2 protein chains.
Amino acid sequence: MTRKVTIRDLAEAAGVSVTTVSQILNGKGERFSMDTRARVHQLQEEMGYVPDFNARNLIMRSAQTIGVIVPNLGNPFFSMFIKGVQATSRERHFIPLIFGANYDEDLEGYYLQELIKRAVDGLIIASSSITVEAIDNILKKNGIPYLLIDQNGGPSLDSVRINDQRGGQLAAEHLLSLGHRKIAVILPEDPTDNLVVRLEGFKHYLAQTGVTIPEEAFIISPMTKLGGYQATEAVLKREPTAVFAVNDEMALGLIRGLHERGVRVPEDISVLGYDDIDLDDYVVPKLSTVHQPVVTMGEQATTLLINRIQKRQLAPQTVELPVELRQRESTAAIRK
Amino acid sequence: MTRKVTIRDLAEAAGVSVTTVSQILNGKGERFSMDTRARVHQLQEEMGYVPDFNARNLIMRSAQTIGVIVPNLGNPFFSMFIKGVQATSRERHFIPLIFGANYDEDLEGYYLQELIKRAVDGLIIASSSITVEAIDNILKKNGIPYLLIDQNGGPSLDSVRINDQRGGQLAAEHLLSLGHRKIAVILPEDPTDNLVVRLEGFKHYLAQTGVTIPEEAFIISPMTKLGGYQATEAVLKREPTAVFAVNDEMALGLIRGLHERGVRVPEDISVLGYDDIDLDDYVVPKLSTVHQPVVTMGEQATTLLINRIQKRQLAPQTVELPVELRQRESTAAIRK
DNA sequence: GTTTTACTTGTAAGCCTTTTCGAAACATGA
DNA sequence: TCATGTTTCGAAAAGGCTTACAAGTAAAAC
């Protein structure tokens, strides 16, 4: 392995100046003769010249890179999100730097710093713990475009908006239509904005029908399978006929917990999730849930962000994405 | 937002040269007076100076970055692997660039190219489709250290080795001890090296006990939940008493398929997986499997790679990691 | 033959750091 | 006073690239 081929080497070999090479290789070479152009391209191949990334970025002040922070890569919801991000990034010739923060505020902060240090052109943050103010503070100061998922960053930001209000409503509607009146909810401590709205939609619709959920039927637990599992006891104590878990992971954990205690789903208790992760179709019983178009979310978020990177002065953009109910097997009509 | 603060600005403000600032900020400033050092640090804070990443890398010829390509981020096995990679990377002050290639060879190639263009210091590749030769070719030529997961790159490479032979043996042992003799296997087309070894271990142990698996009991299907699901018919046609799926995802898909056809697991058919993903403990029935210490694999792979980056001339290192059987609920003694 | 015009290419500055190699400034001992 | 040592610091090169500006040449126009 010898020293790396530089643009200078190539220029020399082609018998032209570095300018010429640079221009031609960057598609700005109309002004050069066909002959020269061909020669340069030819030699690039032969010599295996690849522009030095750092040198290039140094002068261009951009690395065609975006940063992405999600709370938990292990949750299929987020890995699907990432899938969307990667697909669109590729189309747009950007590269996403992806980090899972494990619901850890310190870690999020660390990655945020690191990403900024590395001069990413923009950021997508699906944060759980780090506060919007902190993000705002540090990013605004650096003039880096960003976009928040699951958090409301205010009207001055681009956003891909999921109608969580409606999602909550759909959930309520569904359970209600099956005859459920005694409903428990599992949610995390410090819910993100979208969860708050989601629950509001849920409660609101219930209230319209004269159903209210007592305070103690809201059960706090981490948004993981384990969290759902650990909530089992608390759920059973409330003797509900149905449970609404604010994400699928929790729902799956809960179903496991119920199963172990001999409680049948949906015969004894209906369980409704939220997200619609691929797993839902494989577990027994298949999980009823509210579908979020998560891959599209990833794609749209990326599109919006890259648009912004390329046109800073654009007016804030918003795309709205629909949710819909997916009834499967974990919810059923109540039977007395 | 004003222009970025450069080292020059800081030097000027502190009334010293850029050399001084650079040295002090990089911990090589013992030779400077306490006074100067304090002043520089002080001002860095105040002015919010952050060294320009690209300029720095340009001259240092390293970005403290490694690339990681996995076939599928949606598989918890790989997201756990990533977790290990991220943890160790952080400790070592490296940043991993992570990509999921969706079992797509083109995509893998694209990311590989991109990663090289971006001058990563090293690579971890858990490739499925791209050939070892291709990788070898392109990476060796560029002099970039790398490490293969699930593929045998030869003795000249660092490697974290899982004893797949033993893993296969454990699987065989387990099923045999439960009385199974009629066993089907689900595996992908073009299995990676580790799978080949795994199956060898499996078959070999079986053979020792006089049990052989007929050719047609090896069922080819993609290594996903869907793949497992789609294999259901083929499996049933063989009328096995037990099935060994070479990864958990397939096992889960298969269990779903069996369930839908009224076949009970493990009463009618035992299903054994491989990997031990977190899900195994949540599905019904809990999945028996062969445990791989996947987080550790991620950690060790990263450690090895970074060691190599920092000391090119090190002799090839290998770490061996154990596997062990985790019997849960999806396998049971045969009953006639 | 001189001036335009069109076409083709090159010079050199600048991006921001790190680092090599010295060199001031000052004190010390003779 | 001078040689020597110690402490503290800086000038300038290097790293590979892009680009504003300028320039050279040959053909066309007058």
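Q: How many residues does the contact take from chain B and from chain A?
A: In this predicted model, the contact takes 34 residues from chain B and 34 from chain A. Two residues are in contact if their C-beta atoms, placed from the backbone, lie within 7 Å. On chain B, α4, α5 (76-91), β2 (95-100), α6 (105-117) and α12 (248-260) each supply at least two residues of the side that touches chain A. The largest share, six residues, comes from α5(B). By class, that side of chain B has 18 nonpolar, nine polar and seven charged residues. Local features need pLDDT of at least 70, side-chain atom pairs count only at pLDDT 80 or more, and totals for chains, interfaces and linings use all residues. Residues are numbered from 1 along each chain as its sequence is written, while chains are lettered from A and ligands numbered from 1 in the order in which they are written.

Q: How do you know that the copies meet through the same surface?
A: Compare the interface residues. In chain B, 100% of them are also interface residues in chain A, so the surface is the same.

Q: Why are α1(A) and α3(A) called oblique?
A: The two helices pack at an angle of about 125°, with axes 10 Å apart. Under 35 degrees is roughly parallel, over 145 roughly antiparallel, 65 to 115 roughly perpendicular, and the rest oblique. The pair is therefore oblique. Their crossing is right-handed. On α1(A), A:Asp9, A:Leu10, A:Ala13 and A:Ala14 make the contact; on α3(A), A:Arg39, A:Val40, A:Leu43, A:Gln44 and A:Met47 do.

Q: Which residues come nearest to DNA strand D?
A: Of the 28 residues around DNA strand D, the nearest are A:Thr6, A:Ile7, A:Ser22, B:Val16 and B:Ser17. A residue is near a strand if its C-beta atom, placed from the backbone, lies within 6 Å of it. α4(A) gives the largest share of this surface, five residues.

Q: Which residues are closest to DNA strand C?
A: A:Val16, A:Ser17, B:Ile7, B:Ser22 and B:Ala55 are the closest of the 26 that surround DNA strand C.

Key:
Helices (H or I, at least four residues) and strands (E, at least two) are DSSP runs, numbered from the N terminus. Ala, Val, Leu, Ile, Met, Phe, Trp, Tyr, Cys and Pro count as nonpolar, Asp, Glu, Lys and Arg as charged, and the others, Gly among them, as polar. Axes are lines fitted to C-alpha atoms, for helices over the stretch in contact, and angles run from 0 to 180 degrees between N-to-C directions. A crossing is left-handed if the near helix is turned anticlockwise from the far one by less than a right angle, and right-handed if clockwise.
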